[in-house]
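Try each task before reading the solution under it.

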Amino acid sequence: MTAVEVTMAEASAQASGATPLSATLWAENADLAERILAHGFVRGLADGSLQIQRFKGYVAQDAYFLEAFARAYAFCLANSTSREDLYGFADLIAGVLEELKLHRRYAERWQVDLSCVTPVEATKAYVDFLLETARRGDLGETIAAMTPCMRLYAFLGRSLAARTVEPLYAEWVKTYADPGFEALAARVEALLDLHAKDCDSVRAAYRRAMELEYGFFDANV
């Protein structure tokens with residue numbers, strides 16, 4: 001059983017009755033999750049072989065992306081109708097802000113200027129996809145476009161933490177292996193299960209986000 005299948009099995013075990021949509025979509029996109037885990041950039045984070053200059057570029061691009069990600073959550077919050085949704089999306093926005101603090105620490109340590117980042121093509125494509133999806137106002141579809149990022153990073157963090165990680169990028173691995181980040185990933189999946197229908201547009205949004213995740217890592221090697 002692969003690490004992706006383990007994650008899916010755990011989600012299924014917690015559910016009563018039918019498998020949740022979030023678990024189904026994650027399992028159906030396991031091919032891309034495994035490709036990303038095996039990617040040279042991700043392997044380089046674990047064994048310390050990733051060049052610092054590449055990581056600095058990633059930090060700048062990811063900070064740019066995360067600001068757009070927070071705005072997409074804000075669209076979700078605006079399109080929600082329940083008090084529980086208000087709390088849920090507010091917590092998720094707070095989680096993004098914590099990630100941005102991590103990026104600021106990296107930026108200070110390695111002198112990366114985050115104030116004037118020019119997005120590369122892969123970053124721009126991902127940001128445009130998220131915000132265009134969010135602006136259409138379909139809450140379930142927007143959450144489907146955002147869930148892969150959260151679940152993927154939790155998966156990568158936990159998978160890498162199970163290996164021997166070199167100190168250089170250990171803070172990155174620790175951040176995404178943390179139970180607190182797993183809780184945020186589970187929270188957005190719960191919102192997906194609540195608001196999204198199992199339809200072509202939701203499945204397409206999830207798949208496209210996973211493809212863009214791969215492109216994002218690939219652009220930084």
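This is a predicted model: local features need pLDDT of at least 70, side-chain atom pairs count only at pLDDT 80 or more; totals for chains, interfaces and linings use all residues.

Residues are numbered from 1 along each chain as its sequence is written, and side-chain values use heavy atoms, with hydrogens and water left out.

**Exercise 1.** Work out how helix α2 packs against helix α11.

Step 1: get the geometry. The axes of α2 (residues 21-28) and α11 (residues 200-218) come within 10 Å and cross at roughly 50°. Helices here are DSSP runs of H or I with at least four residues, numbered from the N terminus. Axes are lines fitted to C-alpha atoms over the stretch in contact, with angles from 0 to 180 degrees between N-to-C directions.

Step 2: name the arrangement. That angle makes α2 oblique to α11; the cut-offs are under 35 degrees for roughly parallel, over 145 for roughly antiparallel, 65 to 115 for roughly perpendicular, and oblique for the rest.

Step 3: α2 passes α11 in a right-handed crossing, meaning the near helix is turned clockwise from the far one by less than a right angle.

Step 4: list the contacts (heavy atoms within 4.5 Å). L21, S22, T24, L25, W26 and E28 of α2 meet V202, R203, Y206, R207 and M210 of α11. By class, that contact has six nonpolar, two polar and three charged residues. Ala, Val, Leu, Ile, Met, Phe, Trp, Tyr, Cys and Pro count as nonpolar, Asp, Glu, Lys and Arg as charged, and the others, Gly among them, as polar.

**Exercise 2.** Find out where N29 sits and what it touches.

Step 1: N29 lies in the loop between α2 and α3.

Step 2: N29 is buried, because its relative accessible area is 3%. The scale is buried under 20%, exposed over 50% and partly exposed in between, using a 1.4 Å probe and protein chains only.

Step 3: leaving out residues up to four places away in sequence, N29 touches Y206, R207 and M210.

**Exercise 3.** Count the disulfides and check up on C199.

Step 1: a disulfide needs a pair of cysteine sulfur atoms within 2.5 Å. Searching the whole structure turns up zero.

Step 2: C199 is in no disulfide, and the nearest cysteine sulfur, that of C76, is 15 Å away.

Step 3: at 28% relative accessible area, C199 is partly exposed, while C116 is exposed at 53%.

**Exercise 4.** Say what stands out about the backbone of Q111.

Step 1: start with the background. Most residues other than glycine have a negative phi.

Step 2: Q111 isn't a glycine, yet its phi is positive, about 55°.

Step 3: Q111 is in the loop between α6 (83-110) and α7 (121-135), and it counts as exposed at 73% relative accessibility.

How values were computed: Helices (H or I, at least four residues) and strands (E, at least two) are DSSP runs, numbered from the N terminus.
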